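Student: I am new to this structure and would like a close look at a single part of it. Please take me through that part in one connected answer.
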Amino acid sequence: MDMINLERCKTGIGELDSLLNGGIPRGNSVLISGSCGTGKTTLSLEFLIHGVENGEKGLYISATEISSKVIKNMVPFQFFKEEYFDSGYIKIMDIPNIYSKLSLHKLEFEQEDIDKLIDYIADIVKNGDFKRIAIDSLTSICYRLRTEEKIRDFIIKFEEIVNKIGATALMVSELLPNAKGYSQYGVEEAVADGIILLGNLKRRGDLLRTLQIIKMRGTSHSRAEYVMDITPLGIMLSPLLKGWAVNQ
Amino acid sequence: MIQTSEIQRVFQENDVVLIKSSINVYTKSILELMNFGLENNKVIFYISATVPSSVFKTIFESTGLPHENIYFIDCTTYSFDITQDPNTIVVESPTMLETIIIKVMYLNKISRQNLPDKSPLIIVDSANSLAIHNDLGILSEFFHVLITMVRPTGSKLAILSIMEQLTDELSHTLELISDTVLTE
């Protein structure tokens, strides 16, 4: 039984929605944390594509790959529909283009630059009626913010926009392979409404992808670690077998 | 040798059957099991941890057994010889038990989409081979999770074992998790 009966935003990944008691509480901004190769981008895009199937438009803000490459990498998946992108149901925006449009050329943003960026994202989200947003990655934006205060300010303002319009957001957090926390600057994990941790588990020479929900405001949820696989049908999960005497 | 009619009888009343077969008739027992599946409108998911799937394909071709509805989860080929066969999924190692579970669930979803009139028969070949790579604790857990996940889907599960090579401990565990035992 759930604690609070909040409206849910189904990720469309069946097992993950079950672990979340029906999906992400609508209005939440969730950190998707993990090191390279753990499936952060795939999860984010699958979330957006399943959103369109539910009539929800998606916005993907990309800092790591150009939009054509993002789309090309999704083609092998069965759920991929090119027309979602062509018709604007999913809009991809490259961060360098946004910076260029706003004349944000400084390596370190001032408060007014942050406000300009936030206002721009808010306009895009409201005007486009986007209900699902993915920032890939938040870490790359934080790089230009530098201080904890600015990062906190940016994330809180972004979360306000998301919550106010009843959207749901995923914010990708890039981690180093042996990182201890869930974000590079430490602030992101404290401010986010939820954290889904993607990992690589090394076990007797095998490298397994894992998924674990660390926190999710507004719902009870699983806290166990699951093995994740990226199949042509998208992300699928299995319980992590615990027979191994490992200190994971 | 276990006959198709005998397999048919036990699967009418049970979902999870442990098949203890003598090494001398092991391959024949497998073919009887396949026959049962194909005669009963099943799609077969064959988890091969004993010999590579390519060996079975050669056998099917030589015996004339239709194999378009047989899908392999091949844990013995590793990634050295990945073919582009659409009916074969390679799992890199028989120690990646969770990945095997996910591949079974994946094939289940695919077959529900493409072959909605056919229910799955999942064959694990074999408990002995998986026991070479995995200790008993994790293997018991694997079978328990696999059974828990496939039972609600209406699938039938056959766990093959070679009688002469079965330790008492493994035999007891397999009997505990199965609905019934079919001994050759």
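Student: In what order do the strands of the open sheet in chain A lie, and what kind of pairing do they have?

Tutor: The model is a predicted one. Its open sheet in chain A has 9 strands, in the order β5-β4-β6-β7-β3-β8-β9-β10-β11, and the pairing is mixed. At the edges are β5 (residues 90-94) and β11 (residues 234-239) of chain A, each of which pairs on one side only. From one strand to the next, the twist averages 25°.

Two helices of chain A pack on this sheet. Helix α7(A), residues 138-145, touches β3 (29-34), β6 (130-136) and β7 (168-174) of chain A. The direction of α7(A) makes about 70° with that of β7(A). Helix α8(A), residues 148-164, lies across β3, β6 and β7 of chain A and runs at about 155° to β7(A).

Strand β9(A), residues 206-216, pairs with β10(A), residues 225-231, in the antiparallel sense, over 4 bridges. Within this part, A:Arg209 has A:Met228 in β10(A) as its bridge partner. On to the next pair: β10(A) and β11(A) are also antiparallel, joined by 6 bridges. These two strands form a hairpin, with 2 residues between them.

The edge strand β11(A) pairs on one side only, yet β11(A) is mostly covered, with 5 of its 6 residues buried.

Notes:
Residues numbered from 1 in each chain as written. Chains lettered and ligands numbered in written order. Predicted model: local features only at pLDDT ≥ 70, side-chain atom pairs only at ≥ 80, totals over all residues. Heavy atoms only, no water. Pairing = 2+ DSSP bridges. Axes fitted to C-alpha atoms, helices over the stretch in contact; angles between N-to-C directions. Contact = heavy atoms within 4.5 Å. Buried < 20%, exposed > 50% of the residue type's maximum accessible area, 1.4 Å probe, protein only.
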